[in-house]
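Biologist: I would like to learn how to read the packing of helices and strands in a model. Could we go through one case together?

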Amino acid sequence: MRPVVRVRRAYEPPQPGADGVRVLVDRLWPRGLAKAAAAVDEWPKALTPSTELRKWFHRGGSAGEFRERYLAELAGAGAAVELARLRALAEAGPVTLLTAVRDPRSSHAAILAELLDGPAPPGRRTH
């Protein structure tokens with residue numbers, strides 16, 4: 001069964017039944033969002049872009065190089081464990097990745113969704 005991974009803005013109201021496990025993938029809590037309203041089930045900070053990478057990108061880094069750098073961060077040991085855990089959750093049912101960015105489809109959350117939606121990397125089986 002193919003994983004169901006969605007990407008949504010954290011500010012959008014939860015969709016019970018459709019969202020499945022709601023995972024915040026931002027390093028910082030979304031400004032002005034109450035924790036109860038967010039209905040976040042998981043917050044794996046090891047899967048969020050590092051502070052250094054975020055600052056580099058906001059100073060004018062290119063989207064292509066951001067992608068490469070973020071994928072390199074996700075290849076690290078701590079991120080690999082969390083990635084495998086989220087992949088297992090996605091194989092068991094829907095997972096919704098939440099982010100505060102204005103356009104989630106062109107963000108780090110979309111890159112992460114691609115990884116979760118595809119096959120597990122060689123040598124990193126999820127079960």
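**Helix contacts and the sheet**

Modeller: This is a predicted model. Start with a contact between two helices: Leu-83, Leu-86 and Arg-87 in α4 meet Leu-112, Leu-115 and Leu-116 in α5.

Biologist: At what angle do the axes of α4 and α5 cross?

Modeller: The axis of α4 (residues 77–92) crosses that of α5 (residues 108–117) at roughly 65°, and the two come within 9 Å. Angles of 65 to 115 degrees count as roughly perpendicular, so α4 and α5 are roughly perpendicular to each other. The crossing of α4 past α5 is right-handed.

Biologist: Now the sheet. In what order do the strands lie, and is the pairing parallel or antiparallel?

Modeller: Strands of a sheet pair through backbone hydrogen bonds, in either a parallel or an antiparallel way. Here 3 strands make an open sheet, ordered β1-β3-β2, with parallel pairing. β1 (5–9) and β2 (21–24) are the edge strands, each pairing on one side only. From one strand to the next, the twist averages 30°.

Biologist: Over how many bridges do β2 and β3 pair?

Modeller: β2 pairs with β3 (residues 95–99) over 4 bridges, in the parallel sense.

Biologist: Which strands does α4 lie across?

Modeller: α4 lies across β1, β2 and β3, and runs at about 130° to β3.

Definitions and conventions:
Residues are numbered from 1 along each chain as its sequence is written. This is a predicted model: local features need pLDDT of at least 70, side-chain atom pairs count only at pLDDT 80 or more; totals for chains, interfaces and linings use all residues. Side-chain values use heavy atoms; hydrogens and water are left out. Axes are lines fitted to C-alpha atoms, for helices over the stretch in contact, and angles run from 0 to 180 degrees between N-to-C directions. Angles under 35 degrees count as roughly parallel, over 145 as roughly antiparallel, 65 to 115 as roughly perpendicular and the rest as oblique. A crossing is left-handed if the near helix is turned anticlockwise from the far one by less than a right angle, and right-handed if clockwise. Contact means heavy atoms within 4.5 Å. Two strands pair if DSSP finds at least two bridges between them.
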